[in-house]
Amino acid sequence: MRSVLGLPCVLVFSITIQVIFGAKAHGEDWISGLQQTAAKTNQCETLHWGPNPQKYSTWSTHSNRLVPVYSFGVSLDSVRGEQSVYRRSEDLKRLYGHLPEGTHNPEADYFDQTDIYHLQKRAIDQGKRRVILFVFDGMDWQTSRAAAIAKTHRVSYAEGRGSGLHLQDYRGVQTDFGYCVASPHNNGTSVNVDRQIVTSPGGTISGGYAFEVAGVFPWSDPVRAGYPIGEDELIQHAFPDSAASGTSMMTGIKTYNDAINVDYLGREVIPIARTLQEKSWKVGVVTSVPISHATPACAYANNVHRDDYQDLTRELLGLPSIFHPGGLPGVDVLIGAGWGVEKSNDEAQGENFEAGNRYLTAADRQKIDSRNGGEYIVAERTVGTDGGSVLRQAVSQAIQHRKRLFGYFGGEGGHLPFQTANGDFKPVESASSSGATRAEVYSAEDLRENATLREMTIAAMDVLEAGSQQWWLMVEAGDVDWANHANNIDNSIGAVLSGDQAFQAATQWIETHGGWQDTCVIVTADHGHYLVLDSPGNLVATPSSSD
C-alpha cells in the first residue's frame, strides 16, 4: 500500500476502514461519517473529547486552556510578554483577590482575558471610532485548527497563529496573535435571583492557571490530564463559563461563573458598551444563539445569574428589569436567535418568569415594536419568507426612519441551524459518554426563514454606521460552544466556518466603508473545551485518497 498524504500505510488502512463504515454511508461526507461512527461506538483514532484518549467522549463541557486572540488594527504588545499580569504576583493578587497556586510565571508571554477589555479601551484611546469584538464561543486553539484542516484539506501547522481560516490569514491591516488565560474568580457561588444578591461569595473552587501543569501555549498538552477540568489531585483551579468570561472581556474584572457583569460579591460592574453609550456611541449585539444567553447578555446587561433570560433581554432592549427597575437605555441593534422556544415554567428565572417564549415575553415583544410606539424595527422569522430578505427590509426601515433594529430568528434548538463541516446543514448524531444522542433535523423552512450570522453581522454594521460615526459591536458565533458541548466535530467545524464567514464579510464591509484607519477588530474565544486531535491528518481524508 502506497503512502497517502504523507501518512503511514497503517494509518491509511485505518482511514480506509473508517471511510467504508462512515463516510460512504453519508454521501461521501468524511467528517459526518467519522462523527456518526464515533458517536455510536465511542471510539475514534482521529480525535477525542476529554482526558481519556481511549474514548471519543469522556468530557462534554469547558476547560481551563489558554484561548487564542487575533487582533486587527491594534497590537497586543501592551498586555503580553513583559506587560503580562502573570509575571507580577501583586497584580495577580489584585486580579484574583489572592495569589493562585502555581499561577505566577515570571516568563509568561500569555495575558489575561480581562485584557480584552483593556485592548478595546486602548484602541478607543488611539482614536478608533469603530470597535468590533468577535467571540467564537468555545473555540479553543484545537477547535480552530480542526476547522482550518477541514476547510483547506491539509495539515499546514502544529503551533502558532495557524492558517486556512480568514481570521488567521487576513492581512488587510496590522494584525497580531496571542493567547490568554480565561479562568474565573471562582466556581460554585450561590445567588438569589429574585433578590439579585450573592448568598455565598467565594464559591467552592477558585480560579488560576498552573502553567507548569497546563502548559504555556494553547497547543500544549497538559502534564496531568485532569488539570484543565479541575480534577487534578495536586492543583485545582476553576474552569470558566461564558458568563464569567464575558464579564471579563466587557468589564476587565474576574468574577464567578454564572455572573453577568457583577463582581464576586454581586455588585454591579459597567460593561464597555454602556460606558461608550454614555459618550453617544451606538452599540450593537449579534449572536447565533439566544439573544440573552451569557455572551450577548454580558455585552450590556447585569444580573447575578446568567439563566434569568427574560430579564436579561429586557435590559438589552431598554425595558424595566429586576436589576434595573428604571430600565437601561438599551442597545441600538440586537439580532440573534431564540425565536420559537417556548416554556411553561422556568424556575431558574425566578418568580417573575412569564410562560411563553423563554427569552422574550409576548408583552415585551409588543412594547418594543415601532408599530406600537416602540423604538425598534422588528425583523423576525416569518413563515414562507426568506430570513435574509426580512432582515434587509428591516435594515432599510431602521435607517430610513432612524429607528433601532431588533432581529429574532432560530428554530427548535434555540440557535441558528448548524451548517456542518461541508455546509449541507445535515447534522448527524452527537456523542456523550453514555452513547449517541439525537441529531438535529432542519426543514427547508428552517433554512430559508432564518438569516445567517453573516447577514446578521452586515445588518448590524449598516444600521450602526447610519446612526453614528462612533459605534461598538459584539458578534458571537455561539453555536461553536453548543457543538463542542455535544462532542460533535461535524457541527463544530461548521459553526467555526460560519463564524469565519461572518468575520470575512465584516472585513469586506470595512474595506468598502472608509477602511481600517478608524477601525479595530478583536477575534477571540470566551473559553475552550477539551478537544484533542490525535491524528489531525485524518480530517483531510476522503474515499479517493485511500484508494
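Leaving out residues up to four places away in sequence, I335 touches V285, V286, T287, I291, L391, L405, G407, F409, M456, A459 and A460; contact means heavy atoms within 4.5 Å. This is a predicted model, in which local features need pLDDT of at least 70 and side-chain atom pairs count only at pLDDT 80 or more, while totals for chains, interfaces and linings use all residues. Residues are numbered from 1 along each chain as its sequence is written, and side-chain values use heavy atoms, with hydrogens and water left out.

I335 is also one of the residues that touch the most other members of the largest nonpolar core, which has 145 residues; the others are F134, L405, F406, W472 and I489. Helix 17 (residues 489-511) supplies the largest share of this core, eleven residues. Another core, of six residues, lies apart from it and includes V198, Y256, V304 and F323. A nonpolar core is a set of buried Ala, Val, Leu, Ile, Met, Phe, Trp, Tyr and Cys residues joined through side-chain atoms within 4.5 Å. Buried means under 20% relative accessible area, exposed over 50%, and partly exposed in between (1.4 Å probe, protein chains only). Helices (H or I, at least four residues) and strands (E, at least two) are DSSP runs, numbered from the N terminus.

## Helices 13 and 15

The axes of helix 13 (residues 387-401) and helix 15 (residues 453-467) come within 10 Å and cross at roughly 5°. Helix 13 is therefore roughly parallel to helix 15, a term for angles under 35 degrees. Axes are lines fitted to C-alpha atoms, for helices over the stretch in contact, with angles from 0 to 180 degrees between N-to-C directions.

From helix 13, G388, L391, R392, V395, A398 and I399 meet E455, M456, A459, D462, V463 and A466 of helix 15. By class, this contact has eight nonpolar, one polar and three charged residues.

## The loop at V173

V173 is in the loop between helix 6 (166-169) and strand 5 (175-181). With a relative accessibility of 18%, V173 counts as buried. Beyond its neighbours within four places in sequence, V173 is in contact with F72, G73 and W516. Its C-alpha atom is separated by 9.7 Å from that of T507, 334 residues apart along the chain.

## Cysteines

The structure holds zero disulfides, a disulfide being a pair of cysteine sulfur atoms within 2.5 Å. The sulfur of C180 is 15 Å from the closest cysteine sulfur, in C520, and is therefore too far for a bond. C180 is buried, at 0% relative accessible area.

Technical notes. Parallel < 35°, antiparallel > 145°, perpendicular 65-115°, else oblique. Nonpolar A, V, L, I, M, F, W, Y, C, P; charged D, E, K, R; others polar.
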